[in-house]
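Welcome! Please take a moment with the sequence and the structure, and then follow the strands and the core with me.

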Amino acid sequence: MSKEKLLLVGAGGFGRVVLEHASLQYDCFFVDDGYTAGDIICGAPVVGRISDIEVLRNDFSHLLVVIGNNKLRQSVYEKAQTMGYDFPNISCSSVYVSPFARIGWGCVFLNNAVIQNGSTVGNGVLLNPGVEIHHGCSIDDYALIYTNSVIRTYAKVGKRVCIGSTVTISNNVIVPDDSDVPNGSTLF
């Protein structure tokens, strides 16, 4: 039995990491403006550029945007949504997601990420290894959280927020939309 096909938008470093996990479930293909159709990236063929996702819809029903630029990721998802693509979530086997958490679509959760009870994670969110989302938190659409950062109880992370590595967002803190929180920061 063959696997379903998945179109990964972005063949950069993050895209290649996601490929390793996504290929356990899907036959994966890339679109990326920095490569030529026919190139092979880590065993996955490049089938076009980002502008080709409309014509590629005839061959693909599943798409995942694996680009770290939050605004670009949102833009590509919004265009792909009008074309009728389905956006699966990719979650490493070492990830823990509480059965009482709510998760959107098009998310990637890498090694040892934890999403606790009562938390909400929006659409198109990328969590790098070791990220902890404590209970009762809200992570809004298209946020990106880098390695070993901790979002404490009842914190709220806005849309398109970028949180660097080893950051602590303290209890009840609100991080406004489009914020960029530098590596090693603590927000009280």
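Leu-8 has Phe-30 in S2 as its bridge partner. Strand S1 (residues 4-9) and S2 are parallel and share six bridges; strands count as paired if DSSP finds at least two bridges between them. Between S1 and S2 the chain passes through helix H1 (residues 13-22), in a right-handed β-α-β crossover: with the strands pointing away from the viewer, the path from the first strand over the helix to the second runs clockwise. Helices (H or I, at least four residues) and strands (E, at least two) are DSSP runs, numbered from the N terminus.

This is a predicted model, in which local features need pLDDT of at least 70 and side-chain atom pairs pLDDT 80 or more, while totals for chains, interfaces and linings use all residues. Residues are numbered from 1 along each chain as its sequence is written, and side-chain values use heavy atoms, without hydrogens and water.

S2 also runs parallel to strand S4 (residues 44-48), joined by two bridges; there, Val-31 is partnered with Gly-48. Five of the six residues of S2 are buried, so this strand is largely enclosed by the rest of the structure. Buried means under 20% relative accessible area, exposed over 50%, and partly exposed in between (1.4 Å probe, protein chains only).

The largest nonpolar core has 64 residues, and Leu-63 and Ile-151 have the most contacts inside it. Such a core is a set of buried Ala, Val, Leu, Ile, Met, Phe, Trp, Tyr and Cys residues joined through side-chain atoms within 4.5 Å.
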